[in-house]
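Trainee: Could you take me through one part of this model in detail, namely the aromatic residues and the packing around them? I would like a single connected account that I can follow with the structure open.

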Amino acid sequence: KIKDLAGGWISPSYETKRDALAYETVLKHQKLQGTLQTNAARQVTLDDYYPLWFETVKNTATLGWRKEQDALYQKYVSPVIGQVKLQHIRAAMIVNVMNKMVDLEKSAQTQIHVFNLIRKMFTDAVEIHELVTFNPVLKKLKPKLEVKEAPHLKLQQSIDLLLYVKDKNYGCAIWLQVLLGLRVGEVIALMW
């Protein structure tokens with residue numbers, strides 16, 4: 001048993017004395033560094049933590065981004081792991097969230113948004129709020145986006161386009177785009 005920073009007792013059980021002593025050493029080291037978790041933090045579920053985290057990002061995100069993140073959390077994360085205590089969430093549970101999204105036939109981009117949301121929440125839980133000591137949202141669990149080749153004009157199509165816009169007001173811009181491979185925004189930003 002060891003007292004946490006809030007004065008509560010931490011008393012897990014181990015099968016061997018060696019394991020218990022090793023854990024006690026870790027706890028004492030954390031207590032000296034001021035990073036020891038409190039018993040209060042052990043009772044916090046993901047749904048309890050979410051409003052605290054959401055308030056933390058209020059000043060660093062736009063209103064639209066916040067609404068989108070809130071909708072993603074409420075729709076995909078909370079129903080699966082919302083009632084689980086932060087201390088008990090593991091990588092396998094994150095996989096469950098992602099698998100539920102696959103079952104719902106959500107796009108890879110939506111899955112990535114949810115993955116990034118959960119990862120950010122746990123990163124802040126570790127680094128800012130110090131409610132957990134590790135982030136269970138591993139990078140290797142991130143869904144993969146299918147890479148698609150961008151559509152482009154074939155050589156003859158490019159020649160036909162350049163001949164068509166040759167004497168038009170915007171012809172110069174099209175020629176720059178085709179010959180230099182510039183995007184529209186890059187052409188607009190050009191200065192003489």
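**The aromatic cluster and its surroundings**

Mentor: One aromatic cluster is formed by Tyr50, Trp53, Phe54 and Tyr73, and since this is a predicted model, what follows describes computed geometry. The structure holds four aromatic pairs. In one of them, the ring centres of tyrosine 50 and tyrosine 73 are 3.9 Å apart and the ring planes lie at 0°, so this pair counts as stacked, the cut-off for stacking being planes under 30 degrees apart. Another member of the cluster, phenylalanine 54, has arginine 66 lying over its face, at 4.2 Å from the ring centre.

Tyrosine 49, leaving aside residues up to four places away in sequence, touches Val44, Leu86, Met121, Asp124, Ala125, His129 and Leu131.

Helix H6 is also the place of threonine 110, which is partly exposed, with a relative accessible area of 22%. Beyond residues up to four places away in sequence, threonine 110 touches Leu72, Tyr76 and Met101. The C-alpha atoms of threonine 110 and proline 143 are separated by 9.6 Å, although the two residues are 33 residues apart along the chain.

Two further sites lie later in the sequence. Serine 158 lies in helix H7 (residues 155–164), and with a relative accessible area of 14% serine 158 is classed as buried, because buried means under 20%. Its contacts, again not counting residues up to four places away in sequence, are with Leu153 and Val178. There is also another charge placed over a ring: the charged end of lysine 168 sits over the ring of tyrosine 164, 4.7 Å from the ring centre.

Definitions and conventions: Residues are numbered from 1 along each chain as its sequence is written. This is a predicted model: local features need pLDDT of at least 70, side-chain atom pairs count only at pLDDT 80 or more; totals for chains, interfaces and linings use all residues. Side-chain values use heavy atoms; hydrogens and water are left out. Contact means heavy atoms within 4.5 Å. Helices (H or I, at least four residues) and strands (E, at least two) are DSSP runs, numbered from the N terminus. Buried means under 20% relative accessible area, exposed over 50%, partly exposed in between (1.4 Å probe, protein chains only). Rings of Phe, Tyr and Trp (its six-membered ring) pair if their centres lie within 6.5 Å; planes under 30 degrees apart count as stacked, over 60 as edge-to-face and the rest as tilted. A charge sits over a ring if NZ of Lys or CZ of Arg is within 6 Å of the ring centre and within 35 degrees of the ring normal.
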